[in-house]
Amino acid sequence: MRKIVVHEPGSHDKLRVEEHPDPSPARGEVLLDVRAAGVNYADCVVRMGLYESAKKYVGWPITPGFEFSGTVAALGEGVTDLALGAPVFGVTRFGGYASRVAVPRHQVFPLPARLTPEEAAGFPAVFMTAYYALFELVRLRPAMSLLVHSAAGGVGSALVQLGKIAGCRVVGVVGAAHKVEAARRLGADAVIDKSSEPLWAAAERLAPEGYDVILDANGVETLRQSYRHVASAGKLVVYGFHTMLPRQGGRPSYPKLAVDFLRMPRFNPLDLCNDNKSVLAFNLSYLFHRTEILREAMDRLIGWVEEGRLSAPPVKTFPLERAGEAHRAIESGSTVGKLVLTL
Ligand SMILES: NC(=O)c1ccc[n+]([C@@H]2O[C@H](COP(=O)([O-])OP(=O)(O)OC[C@H]3O[C@@H](n4cnc5c(N)ncnc54)[C@H](OP(=O)(O)O)[C@@H]3O)[C@@H](O)[C@H]2O)c1
């Protein structure tokens, strides 16, 4: 099998293509022939050596990749409900950038007819993240107002669509003019292009009382203001920190990381009570063993895809060998939708 291996933290040149023996599925696992593998911003953080759960579960060397589509190549002992050759997609706790991957049965799902294998490879990580934020952490009610940062990206696209399915009013924020139309097409009721107008003045104009839910993966650049713009009884969901990392060069600046760490807002429990607001945070990669959460999320997400209520974000593909190019693109902050590696 071919896979991308990162032996030590660093820039894009650390993504090496290597030949390795095929993994064999353990009891309860499924071996997949991977056709396409989704690229997530988190994969770049893994490559840079800054992703805590990668250190916890794998260490070095590591093959990045949280999601895939492909066909069933072999079944581990005890797995009897999948046919060899069946088209599937799913999630993996790392290791997705590979021609073969073995994962527990509960992380594999039948490929919906409405998704191409490339779309399916880029679907589960961002939609499960958005689902967990909106339907596990937050209890959405119709007509709630949502502010979604990076609304034309991977997770942002999913948050906008799921917010609309729940009947909410969704304001998307994007960092460049070419993303405005993409966020509108996903269903955003209003889009703020923060490259051409002051973000928070526009956000206040659109929701003078504040937002019921703000979803923020920017980190230090916006967290303080995001909290300030949450309405009474509202929730700030924190799920990423990408503004701490560089848009070019592929290596973190440790002085910037240190300064940003010190600038990071600290939320005081007394203030949270008196402000009547919540701050919630999570990382999906710690949840892959939670069978019931994964199954419920994917059942509902696949149902919405089959009903035509959810669509995959636009996908740009790169051959596996050009994974570095895909990382460079997503780190630039200019991409729309999802990037996917093809095998
Ligand atoms: N907690 C979790 O379980 C979880 C799961 C999946 C993803 N995430 C996080 O969610 C965020 C989005 O992930 P994604 O894979 O869907 O990526 P993405 O949104 O497709 O791309 C990242 C976007 O972030 C914005 N951005 C702002 N500052 C940036 C910087 N310094 N470098 C790069 N991008 C910057 C850009 O959009 P704008 O300029 O338009 O804002 C860019 O398009 C990431 O922070 C990721 O780590 C968290």
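Mentor: A charge sits over a ring if NZ of Lys or CZ of Arg is within 6 Å of the ring centre and within 35 degrees of the ring normal. Here the charged end of arginine 266 sits over the ring of phenylalanine 261, 5.0 Å from its centre. Likewise, the charged end of lysine 277 is placed over the ring of tyrosine 227, 4.7 Å from the ring centre. This is a predicted model, in which local features need pLDDT of at least 70 and side-chain atom pairs count only at pLDDT 80 or more, while totals for chains, interfaces and linings use all residues. Residues are numbered from 1 along each chain as its sequence is written, and side-chain values use heavy atoms, with hydrogens and water left out.

Trainee: How many aromatic pairs does the structure hold?

Mentor: Rings of Phe, Tyr and Trp (its six-membered ring) pair if their centres lie within 6.5 Å; planes under 30 degrees apart are stacked, over 60 edge-to-face, and the rest tilted. The structure holds 14 such pairs. One of them, tyrosine 227 with phenylalanine 267, is tilted, at 5.1 Å centre to centre and 50° between the planes. Tyrosine 227 belongs to helix H8 (residues 223-228) and phenylalanine 267 to the loop between helix H9 (254-263) and helix H10 (269-275), so the pair ties together parts 40 residues apart in sequence. Helices (H or I, at least four residues) and strands (E, at least two) are DSSP runs, numbered from the N terminus.

Trainee: Is tyrosine 227 buried or exposed?

Mentor: Buried means under 20% relative accessible area, exposed over 50%, and partly exposed in between (1.4 Å probe, protein chains only). Tyrosine 227, at 11% relative accessibility, counts as buried, whereas phenylalanine 267 is partly exposed at 28%.

Trainee: Which way do the residues of strand S8 point?

Mentor: In a regular strand the side chains alternate between the two faces of the sheet. From strand S8 (residues 145-148), Ser145 and Leu147 point one way and Leu146 and Val148 the other way, and all are buried. Two strands pair if DSSP finds at least two bridges between them. Four bridges join S8 to strand S9 (residues 169-174), and the two run parallel. Within this pairing, leucine 146 stands opposite valine 170 in S9.

Trainee: Which residues link into a cluster through ring pairs?

Mentor: The cluster consists of Tyr51, Phe66, Phe94 and Phe288, linked by ring pairs.
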